[in-house]
Amino acid sequence: MRSFCDGATLDAHIRCGTLGSGVITVTNRRRGATPPRLAAAGSIAGALALLAGPLAPAALAADGDTTPPTLSFPATVPDPGTQFPPAGNGQVTTLRAGQSGDVLFTATDDDPAGVACLRWSFDPQFATGAGWTCGSAMPTDRISVTPGHWGTSVLYVQARDAAGNVSPVAPYSFSVPWAAGAAVPQFGDVNGDRTPDVVTAGPSGDLRVYSNPAAGPQYTVGAAAVLSPGGDSWANYRTTHRGGTGSGWDVDALIVHKDGSPGLWTYRNPGNTGVRGVFDSSIGLNRPACAVTAENPDCTGYAANWSTTRQLAAIGDPMSTDVGSTNAHHRRTGLVTTEINAAGDDAALWYYPSASDYRLTAPVRLAASGWKDRDLISPGDWAAQGRPGLWARDRVTGEITAYTLTVTTITITDEDGITISYPTVTSLGTARTVATGITAAAWPRIGSDGDLVGNGAPSLWGITPEGVLQTWTGWRTGTPADPGFTLDAPTAGFSAGS
């Protein structure tokens, strides 16, 4: 982050402005030193030369003060109506997502000059580029925050003293309750409008979010091409969304892969802008080790990285379609993939559970072969069983098959001795033909994302080679014990534009 200084005379302080963060006061003082003067009044070069000289943090520490400041947070707060208590302490704030409140803290330093600057940022991790706030602009005992979602949030705080010593980053976890009477979140929703959205590449290489594709061509740009993992067109990537990759979110995260790439990425939602449906902050997802277990009896052919992945489908919480605050898994999604074999002539079907935020854990092979020429589709609960299923399209014949999923809960002890339980898919269940003739030649891109028309059942969407986005309305025809499903004819659709 670039800085500039406006003072012509340096007394005991340098008054600086930080581009993009407003005006702050930076205090760097060496005890016993004669205050120097700027080489050139108001010049950037002069200010930078000064900060690199006798007042640089390394030089300031030379006076013997090498002890960093300390940060602490209270065990309880006096007013949960305006403050966020620490998570798990028994207090419950009356504040809700989108409402501002205070996080209380105490910052101390053994130097009589005290703490000079603070910086802070939100989860999922401390932003090292966060700007320092110093002097009279620096909070002294509380930081005002506005959480953008219900569930757990983490505020990270760091302090710096006048000698340039920097404290360790101090995390503060707090929880925001579910808002009574608020519209219920939906799996498939990325922009917070409580309806599933279609996310797909636009003709110009950007990533587009269609909030109501059955009604017309209105869309928002979720990410410019430059924000893809490689900075190229989003048409080069496969994307999927249904639930979060971290806890507590009320909108979907995005999972992204490029054919042949060893990496797999998730885009947090909201990202750096704090706006739902804008994907500008990505994290690499790990490739977990495969282990032979009761749930996964075979690891034959398992690749060392994600380069063999050809299809992916986020299915949400495999145990439940519950998106309320009582859902123990907080909408974290599992991931289904197809992965080609070493010969390149076939593909296996794998399921990756999520046991913790932004991490996948030991996979389960659902099928050893037969999945090379099939597209994965995530419809949600097509069978009315209270949990998601999976659809797959034969790219040549256009036959779409719906599968129920067999699930269980696994309990493990991690390397830190902590017991963790998480849901996983162990096998494919009932298979039903949903439609035929929806070929890849006629609709190269295809998906579902849930109920797009409001009739209570999953829909299907597809994009033609000419760029026309069409939708199919879906209908349940059976019972949860003996499920069936059918699709209407496609709509006329609309052009996805330029």
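**Figure 1. The disulfide between Cys 290 and Cys 299 in the predicted model.** In this predicted model, Cys 290 and Cys 299 are joined by a disulfide, with their sulfur atoms 2.1 Å apart. The torsion about the S-S bond is -85°, and the link of Cys 290 and Cys 299 is left-handed.

Figure 2. When bonded cysteines are counted along the chain, the disulfides follow the pattern 1-2, 3-4.

Figure 3. Strand E10 covers residues 151–161. Ten of its eleven residues are buried, so strand E10 is largely enclosed by the rest of the structure. Strand E7 (residues 115–122) pairs with E10 in the antiparallel sense over seven bridges. Strand E11 (residues 170–176) also pairs with E10, again antiparallel and over seven bridges. Leu 155 of E10 illustrates both pairings: Phe 122 stands opposite Leu 155, and the bridge partner of Leu 155 in E11 is Tyr 172. Strands of a sheet pair through backbone hydrogen bonds, in either a parallel or an antiparallel manner.

**Figure 4. The largest nonpolar core.** This core contains 19 residues, and those that touch the most other members are Leu 71, Phe 84, Val 103, Leu 118, Val 145, Leu 155 and Phe 174. Two or more residues each come from strand E5 (101–104), E7, strand E9 (142–145), E10 and E11. Strand E11 gives the most to this core, with four residues. In soluble globular proteins, nonpolar side chains tend to be buried together.

**Figure 5. The surroundings of Val 145.** Which residues are in contact with Val 145, once its neighbours within four places in sequence are left aside? They are Phe 84, Gln 99, Ser 100, Gly 101, Val 103, Phe 122, Leu 155 and Phe 174. Val 145, Phe 84, Val 103, Leu 155 and Phe 174 are also among the residues of the largest nonpolar core that touch the most other members.

**Figure 6. The open sheet of strands E12, E13 and E14.** Three strands form an open sheet in the order E12-E13-E14, and their pairing is antiparallel. Strand E12 (198–201) and strand E14 (220–223) stand at the edges, each with a single partner strand, so one side of each is left without a neighbour in the sheet. From one strand to the next, the twist averages 35°. Strand E12 is joined to strand E13 (residues 207–210) by four bridges, and the two strands run antiparallel. In E13, Val 209 is the bridge partner of Val 199.

**Figure 7. The open sheet of strands E19, E20, E21 and E24.** This open sheet consists of four strands in the order E19-E20-E21-E24, with antiparallel pairing. Strand E19 (309–316) and strand E24 (364–367) are the edge strands, and each pairs on one side only. The twist averages 25° from one strand to the next. Six bridges connect E19 with strand E20 (residues 334–340), and this pairing is antiparallel. Within E20, Gly 334 stands opposite Gly 316.

**Figure 8. The setting of the close-up views within the whole chain.** The protein chain has two helices and 34 strands. Of its 498 residues, 49% are buried. Among contacts between residues at least 6 apart in sequence, 54% join residues at least 24 apart. The chain exposes about 20600 Å², and carbon and sulfur atoms supply 52% of this area.

Note on methods
Residues numbered from 1 in each chain as written. Predicted model: local features only at pLDDT ≥ 70, side-chain atom pairs only at ≥ 80, totals over all residues. Heavy atoms only, no water. Pairing = 2+ DSSP bridges. Axes fitted to C-alpha atoms, helices over the stretch in contact; angles between N-to-C directions. Buried < 20%, exposed > 50% of the residue type's maximum accessible area, 1.4 Å probe, protein only. Disulfide = S-S within 2.5 Å. Core = buried A, V, L, I, M, F, W, Y, C linked by side-chain atoms within 4.5 Å. Contact = heavy atoms within 4.5 Å. Areas by Shrake-Rupley, 256 points an atom, 1.4 Å probe, with all protein chains shown as cover.
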